[in-house]
Amino acid sequence: MTLPVRLMPDAEELLIAYLAESFPDATVVAELYMGFEDDLPLLRVSRIGGAQVRPLVLDGPRLDIDCYAGSRVGASTLAREVAAMMPAAKGREFAGGLVTSVAEEVGPAWRPEFNPQIWHFGLTVVLTVRPTT
């Protein structure tokens with residue numbers, strides 16, 4: 001007997017869509033690129049783990065959100081604003097997935113950065129998502 005394959009939504013794509021809508025003045029990406037310091041403020045979303053909560057039904061992605069700005073205060077403020085906006089993602093649908101829960105795992109904190117043109121804060125969230133199709 002073969003079980004049907006159910007592809008979970010791309011959690012990075014989903015969160016990028018939510019953050020781009022919530023922060024229209026920020027650049028939101030999955031990967032940094034040469035010269036990104038010219039596009040500040042910038043948010044980078046990276047899935048760093050998590051697993052399906054109930055196979056074929058729910059996914060529990062763990063995501064890092066890196067917040068870059070031209071000053072320490074700017075990066076800190078951006079990270080705290082992102083943290084404040086994350087609970088509002090619950091019940092929203094993006095990129096073929098519905099967010100059913102949001103939990104902050106690691107709150108906004110300074111992260112070392114070796115590029116002297118930028119400051120870097122970040123946070124880690126855990127979502128529960130399900131496919132909408």
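**Exercise 1.** In this predicted model, work out how many bridges join β1 to strand β2 and which way the two strands run.

*Solution.* Start with the pair itself: β1 and β2 (residues 42–54) run parallel, and three bridges join them. Next, pick a position to look at: threonine 27 has leucine 42 of β2 standing opposite.

**Exercise 2.** Find the strand order of the open sheet, then explain why one side of β1 and of β4 is left without a neighbour.

*Solution.* Step one is the order: the six strands follow β1-β2-β3-β6-β5-β4, and the pairing is mixed. Step two looks at the ends: β1 (27–29) and β4 (93–94) are at the edges and have a single partner strand each, so one side of each lacks a neighbour in the sheet.

**Exercise 3.** Place the helices α1 and α2 against the strands.

*Solution.* Take α1 (residues 11–22) to begin with: this helix lies across β1, β2, β3, β4, β5 and β6, at about 135 degrees to β2. Now turn to α2 (residues 72–85), which packs on the sheet and touches β2, β3, β5 and β6. The direction of α2 makes about 15 degrees with that of β6.

**Exercise 4.** Identify which members of the largest nonpolar core touch the most other members, and trace the contacts of methionine 86.

*Solution.* The core holds 29 residues, and Leu15, Leu19, Leu43, Ile65, Val82 and Met86 touch the most other members. Then ask about origins: α1, β2, β3, α2 and β6 each give two or more residues, with α1 giving the most, six. Finally, leaving aside neighbours within four places in sequence, methionine 86 is in contact with Leu15, Tyr18, Leu19, Ile65, Val102, Val125 and Leu127.

Conventions: Residues are numbered from 1 along each chain as its sequence is written. This is a predicted model: local features need pLDDT of at least 70, side-chain atom pairs count only at pLDDT 80 or more; totals for chains, interfaces and linings use all residues. Side-chain values use heavy atoms; hydrogens and water are left out. Two strands pair if DSSP finds at least two bridges between them. Helices (H or I, at least four residues) and strands (E, at least two) are DSSP runs, numbered from the N terminus. Contact means heavy atoms within 4.5 Å. Axes are lines fitted to C-alpha atoms, for helices over the stretch in contact, and angles run from 0 to 180 degrees between N-to-C directions. A nonpolar core is a set of buried Ala, Val, Leu, Ile, Met, Phe, Trp, Tyr and Cys residues joined through side-chain atoms within 4.5 Å. Buried means under 20% relative accessible area, exposed over 50%, partly exposed in between (1.4 Å probe, protein chains only).
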